[in-house]
Amino acid sequence: MSTRTINGGISFWYAQDGIPTPREPLTGDATADVVIVGGGYTGLWTAYYLKKAVPFLNITVLEARFCGYGASGRNGGWLYNGIAGRDRYAKLHGHEAAVRLQRAMNDTVAEVVRVAAEESIDADVHQGGVLEVAYTPAQLSRLKAFHEAELAFGEKDRLLLGARESAERIRVAGAVGSAWTPHGARIHPVKLVKGLAAAVEALGVRVHESTPVTEIRPKHAVTPYGTVRAPYVLRCTEGFTASLKGQRRTWLPMNSSMIATEPLPDALWETIGWEGRETLGDMAHAYMYAQRTADGRIALGGRGVPYRFGSRTDNDGRTQPETIEALRDILIRFFPQLAGVAVTHAWSGVLGVPRDWCATVTLDRSTGLGWAGGYVGSGVATANLAARTLRDLVQQDSGVQSGRTDLTTLPWVNHKVRRWEPEPLRWLGVRGMYAAYREADRRELSTHAASTNRIAVAADRVAGR
């Protein structure tokens with residue numbers, strides 16, 4: 001058996017399910033009622049819900065490579081109810097507003113599962129919830145505080161588990177506790193994005209791939225092949241936003257990397273457990289995320305090298321050898337019995353991080369420009385909520401729908417974020433921040449202190465988290 005690791009090639013998910021047949025690029029200047037820039041989850045869900053709501057709309061999606069090339073085809077397959085910025089929204093708009101946002105996210109998990117079933121999208125969905133473990137005293141303190149916070153935001157159906165109860169779900173070495181929420185599911189990211197793209201086309205939406213948008217301005221999406229003119233231009237580019245003219249410092253493209261093991265034999269699974277197929281995370285500062293795949297592998301991710309100078313993005317998912325080793329070390333720390341198991345695939349991608357770490361949805365009624373994103377790694381479900389919100393904002397502005405809706409009054413709508421610092425300040429800041437988090441994790445593991453390390457506290461303060 002070969003132990004060679006395939007590095008890049010977009011992601012393991014594409015290696016398993018295949019690169020899609022390319023769609024035609026834009027063939028010249030065109031017009032539409034709505035033009036959507038970006039063919040990932042946000043753009044495709046937005047097209048889907050708009051077309052379902054108003055079938056006569058002329059909608060065009062423009063994608064630089066192919067649908068799902070970015071984070072939508074590279075993520076960890078966590079369909080869960082986390083949303084970036086909830087605590088800040090509570091401070092800005094009040095606790096009840098943030099509770100409404102959290103409830104909307106809870107409902108979103110079920111909404112994605114519902115539509116996938118309705119559209120016959122087989123995305124290896126398993127609703128096992130989310131299990132987040134602690135394996136140091138400091139992590140356990142954070143876990144308990146996190147659990148109490150989630151209860152305060154209305155999530156009454158979650159559980160706080162001790163060491164024995166945690167091991168009954170997944171036997172993570174040294175785990176001293178965990179928290180579980182039912183609002184989560186494992187998915188195959190590429191199967192979902194492929195199925196969604198097909199559903200959108202079946203509704204009559206035009207999807208042009210290999211069509212990079214170089215500039216967005218009111219009523220115009222400019223590409224090398226022509227310009228699409230539309231009353232509404234919606235930017236759904238997440239981690240690739242920095243490549244657009246004038247957007248270099250809007251959202252920082254944060255790098256995240258993953259590995260996938262070979263399929264594990266039943267004998268090893270018996271030592272691990274994981275029969276509930278929960279998605280798995282931890283309470284480290286430089287946290288990990290993982291799933292048990294439908295074909296019996298472990299796919300596990302973490303930050304790796306967090307940021308490339310000048311907001312550059314990767315080349316087709318290749319990641320650094322040291323990152324692969326670091327992720328493998330996490331795998332073995334969690335499951336020492338996997339020391340001899342091969343890592344067959346490694347890849348990376350970028351996610352969008354706003355300066356205040358808050359996801360947002362916006363429609364500027366004076367220009368017709370809209371955008372959604374800044375999900376900070378929680379985009380699989382958040383993209384769906386964002387898309388339904390963009391749908392309502394467009395319908396409201398165009399007069400198709402009168403008055404505001406529950407979604408358009410959520411606190412993340414039209415939130416304004418300041419821009420990131422220029423280089424080299426943002427490179428130094430982000431690299432320094434994650435170096436601090438890793439050092440804090442190391443100290444917490446070695447000292448067994450019950451409180452969060454002061455280095456991480458300082459890093460949070462500097463980052464504005």
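**Close-ups of a predicted model**

**View 1. Leu-143 sits in helix 5, which runs over residues 137-152.** Everything in these views comes from a predicted model. Is Leu-143 buried or exposed? With 0% relative accessibility, Leu-143 counts as buried. Leaving aside residues up to four places away in sequence, Leu-143 touches Glu-132, Ala-134, Leu-160, Gly-177, Ser-178, Ala-179 and Met-283. If you want to get your bearings against Tyr-375, that residue is 232 residues from Leu-143 in sequence and 22 Å from it in space, C-alpha to C-alpha.

**View 2. Helix 4 covers residues 95-118 and has a kink in it.** The kink is about 25 degrees and is centred on Thr-108. Helix 4 has 24 residues, and it reaches 35 Å from its first C-alpha to its last, close to the 34 Å expected at 1.5 Å a residue.

**View 3. Helix 10, residues 379-398, is mostly covered.** Of its 20 residues, 18 are buried. How far apart are the end C-alpha atoms of helix 10? They are 27 Å apart, which agrees with the 28 Å that 20 residues should span at 1.5 Å a residue. Gly-399 follows helix 10, and its phi is positive too, near 90 degrees.

**View 4. Helix 2 (residues 41-53) crosses helix 10.** The two axes come within 8 Å and cross at roughly 40 degrees, so helix 2 and helix 10 are oblique to each other. Helix 2 passes helix 10 in a right-handed crossing. On the helix 2 side, the contact is made by Tyr-41, Thr-42, Trp-45, Thr-46, Tyr-49, Leu-50 and Ala-53. Helix 10 brings Val-380, Ala-383, Asn-384, Ala-387, Arg-388, Leu-390, Arg-391, Val-394 and Gln-395 to that contact.

**View 5. Helix 2 also crosses helix 7, which runs over residues 189-202.** Here the axes come within 9 Å and cross at roughly 35 degrees. Helix 2 passes helix 7 in a left-handed crossing.

**View 6. Arg-277 has a positive phi in the loop between helix 8 (266-272) and strand 16 (279-282).** Most residues other than glycine have a negative phi. Arg-277 has a phi of about 55 degrees although it is not a glycine. At 25% relative accessibility, Arg-277 counts as partly exposed.

**View 7. His-448 has a positive phi in the loop between helix 11 and helix 12 (454-463).** What is the phi of His-448? The angle is near 60 degrees, in a residue other than glycine. His-448 is exposed, with a relative accessible area of 55%.

**View 8. A cis peptide bond joins Glu-423 to Pro-424.** Most peptide bonds are trans. For the bond from Glu-423 to Pro-424, omega is near 5 degrees. Where is Pro-424 found? Look in the loop between helix 10 and helix 11 (425-447).

Methods
Residues are numbered from 1 along each chain as its sequence is written. This is a predicted model: local features need pLDDT of at least 70, side-chain atom pairs count only at pLDDT 80 or more; totals for chains, interfaces and linings use all residues. Side-chain values use heavy atoms; hydrogens and water are left out. Helices (H or I, at least four residues) and strands (E, at least two) are DSSP runs, numbered from the N terminus. The expected span of a helix is 1.5 Å times one less than its number of residues. The bend at a residue is the angle between axes fitted to the seven residues ending there and the seven starting there. Buried means under 20% relative accessible area, exposed over 50%, partly exposed in between (1.4 Å probe, protein chains only). Contact means heavy atoms within 4.5 Å. Axes are lines fitted to C-alpha atoms, for helices over the stretch in contact, and angles run from 0 to 180 degrees between N-to-C directions. Angles under 35 degrees count as roughly parallel, over 145 as roughly antiparallel, 65 to 115 as roughly perpendicular and the rest as oblique. A crossing is left-handed if the near helix is turned anticlockwise from the far one by less than a right angle, and right-handed if clockwise.
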